Amino acid sequence: MNPRSILAIAGVAALALSGCVKNADPNATNAINVSSTVDDCEVSATSATSGNVTFAVKNDGKKVTEFYLLAEDGLSIIGEVENIAPGTSRNLTVQAQPGSYFTECKPSMVGEGVGRKTFEVTGKQVEVDANEQEATAAAVAAYTAYTKDQVGRLVTEVEKFVAAYQSGDDDLARKLFPLARTSYERIEPTASQFGDLDPKIDYRKPGAEAEGIEFTGFHRLEMDLWLKEARKNYPDEKITALTKAERTKYGNQLVADVKALNEKVTANDFVLTLADITNGAIGLLDEVAAPDGKLPGEEDEFSHTDLYDFYANVEGARVAFESVRSIANSKGEAAKELVGDLDEQFAAMLALLSTYGNYKDGFVSYDTVNQQKRNELGAQLNALSEPLSQLTDTVLSANK
Amino acid sequence: MPTSNDRGLSRRSVLGLIGAAGAAGAVGVAGAVAIAGGDDSDSAQSMVEFNGAHQAGITTAAQEHLYFASYDLTSTADREDIKELLAEWTEAAARLTKGQEVTAEGATGGGPHKPPDDTGEALGLGPNNLTITFGFGPGLFDDRFGLAAKRPAELAELPSFAFDLLEDRYSGGDLCIQACADDPQVAVHAIRNLTRIAFGRAQIRWAQLGYGRTSTTDKSQETPRNLFGFKDGTANIFNDEKEDLAKWVWADGANQPWMAGGSFLVARKIMMLIESWDRVRLSEQQAIFGRDKGEGAPLSGGTEFTEPDFEMASTELGGPVISLTSHVRLAHPDANAGKRILRRGYNFVEGNNNLGQISGGLFFLSFQRSPQQFIDVQKSLAADALNEYIRHVGSAIFAVPPGVKPGESIGAGLFS
């Protein structure tokens, strides 16, 4: 994985989003046709040379669609076009740096995309001539698009999870639980800014009780799915299985709450700033280290699926970092060193977490990770958090 | 940072004030006097009077160090044991606060064949303004000791608050002793020897060492800093605010006459998420507290003791200069129907947790006429932006009986 190639292009992505790619040499433009159908996203080429690349996206499906160019991590958005009505076309132009990418369409504009395919850009590094304001607008636009994308995915993943839970397929629900949470964990500081939703969606049992609010959301369902662990953690309480009616109630509420979150982040007045993005990155890592967080194994105290959340928090922080990379890189030598350091620490953190598994095959249960190993994770988390806390100042500083 | 000499001087001048404030109708006045002694350090010899209308250690100018112990009564203890224990504790405390050994025989005068009465580690250290303050937890008034009828109506377990993460091992207790001194060893010596006296009747449930005061109870003292690096508690009740002390600190004994002149003590062990806090940018740290970090002035301007202007609007923030979720706003009497509490907390650091994070924070202590004052302020703090960086892990409440005249026992009113 070479995060540098992604980052180089992030600034450009912003240009594309704000629709102001300048000095584009028409001769150098790669024109690529995309057809968004009901269940696929056909792209007329699998590679292009670096420089301006234009995707002419035609909606050959039945629902309003979107097209994405994603970075190599599959999460960061390099460029997107939204609201392509059936039968119409829209163009996406990006100034692409050499590297590996993914293309993807999203009919009905919510949830998981369809037809994800790799897309290679070859050739030489392209000089970027974005000014500060454009670069900032680009970074914010890219990260905002990412947030919307994640919340959209959250809705569909939660619907799947809740459907399994309500149908009584507990084995499947237990499998889907940690996966349904990942989109949320990647953008949690953003969700937290809508004060009343985070407590409903993601409060832990002790937190809800301390505040005297009803215990609902992910962890309420978790407690019901891992009853034996719940009784072990709270031996003095009589914890009973939820009835079918209660499953319906708590399941429906979780779906309604993540849908409400989706409405908030897709609303026109949803605005993020550059500092929101970089501070959010630190917030994500704080979520891991907190005494009621993942590192001490308190977040998912019944399922012990903390490592999924941990990984997702780090991924979310890295996307935030990626979206401001080109800005940071324009701030002089010390800033470049910081970017290099963060590349190294993010890679080390994710590599260490990967020794415990992955989303597809599953992560090991966190109660099997002994104290010494938790300490090792904590030490790497500190190594990453410390330079990351310098990022806001760096991106907000004057150009050097 | 004042030198120890400065502190000694200011403390003495302070004590004069307390004496004046407390003189009305008091049998003995809680005040400190420097006595001439063999030690060449004035501050080490500085002493706080144990006897008085109120117990010392509440309005006494906050000393530098704390050792606090909460006790459970043993399963065999009965009413008579408690009465005797309190009498013995009172006698010992009166000696210890004078800088004396716990008994006349002390550390070396008991002959070679018995263990010394006094543990000896404070020999030659001087009184160091030691105060010893006793309190009674709700458990003392349950059905074990026939004291239920003496229970102050206000003394009940605290409700749970937002962001509580309480642990039994840091919470509760039937009795408590707060020992404060300017030398930590003097405070530890006091608790150690009083604990020894209690064996068979009471034993320590939990204890807390505090190494730096975080509160000021006297206007001549500089406002100290908490482990977040901020001056907190600037708007404390000071020991010369006689009317406010009467209104907000001293219990009137309306429902339990033995409590007249006493107070209620709330202890909260608050862990700080030190590593996360240290990665917060300065502007946000200041927004969270509502004060500037260097001077301690409210963000609305002025100096440390300038009253915050909560109405002042910021064009940049599109809201008030002092944020709606800032600590200074929510803890301020303006946000709490004018209610005040007397804070007397200490910083603590006790090594690290098993994830390599510093275990430190604030051992919060407050004295109030009714626990409801604390409850209201703490509820108001539910929206405090600071909550992201703290966790309350311990909680206890105690009724603090009034002070005693020479020859009387602490809490004698319980048994009359």
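A: At 0% relative accessibility, C180(B) counts as buried. Buried means under 20% relative accessible area, exposed means over 50%, and partly exposed lies in between (1.4 Å probe, protein chains only). Some ground rules next. This is a predicted model, where local features need pLDDT of at least 70, side-chain atom pairs count only at pLDDT 80 or more, and totals for chains, interfaces and linings use all residues. Residues are numbered from 1 along each chain as its sequence is written, chains are lettered from A and ligands numbered from 1 in the order in which they are written, and side-chain values use heavy atoms, with hydrogens and water left out.

Q: How many disulfides does the whole structure hold?

A: The search over all chains finds 1. C41(A) and C105(A) form it, with an S to S distance of 2.0 Å. The S-S torsion is about 55°, so this disulfide is right-handed. C41(A) sits in strand β2 (residues 41–43) of chain A and C105(A) in strand β8 (residues 99–105) of chain A, so the bond ties together parts 64 residues apart in sequence. Strands (E, at least two residues) and helices (H or I, at least four) are DSSP runs, numbered from the N terminus. Both C41(A) and C105(A) are buried.

Q: Which strands pair with β8(A)?

A: Two strands pair if DSSP finds at least two bridges between them. Strand β5 (residues 65–70) of chain A pairs with β8(A) in the antiparallel sense over 4 bridges. Strand β9 (residues 114–122) of chain A is also antiparallel to β8(A), over 6 bridges. Now follow C105(A). Its bridge partner in β9(A) is V114(A), and C105(A) is also the bridge partner of F67(A). Of the 7 residues of β8(A), 6 are buried.

Q: How should I read strand β4 of chain A?

A: Start with a general idea. In a regular strand, side chains alternate between the two faces of the sheet. In β4(A) (residues 51–59), 7 of the 9 residues are buried, so the strand is largely enclosed by the rest of the structure. Strand β1 (residues 30–36) of chain A pairs with β4(A) in the parallel sense over 7 bridges. There, N33(A) has A56(A) as its bridge partner. Strand β7 (residues 89–96) of chain A pairs with β4(A) in the antiparallel sense over 8 bridges. N52(A) stands opposite Q95(A) in β7(A).

Q: What about a covered helix, such as α9 of chain B?

A: An α-helix has 3.6 residues a turn, so residues three or four places apart point the same way. Helix α9(B) (residues 371–380) is mostly covered, with 7 of its 10 residues buried. Among the buried ones are F374(B), I375(B), V377(B) and Q378(B). The buried residues pack against several elements of chain B, including α5 (242–248), β8 (263–272) and β14 (390–400). Contact means heavy atoms within 4.5 Å.

Q: Where do I find residues with a positive phi?

A: Most residues other than glycine have a negative phi. H304(A) has a positive phi of about 55° and is not a glycine. H304(A) lies in the loop between α10 (274–289) and α11 (306–329) of chain A. A337(B) has a positive phi of about 50° and is not a glycine.

Q: Are H304(A) and A337(B) buried or exposed?

A: H304(A) is buried, at 14% relative accessibility. A337(B) is exposed, with a relative accessible area of 70%.

Technical notes: Disulfide = S-S within 2.5 Å.
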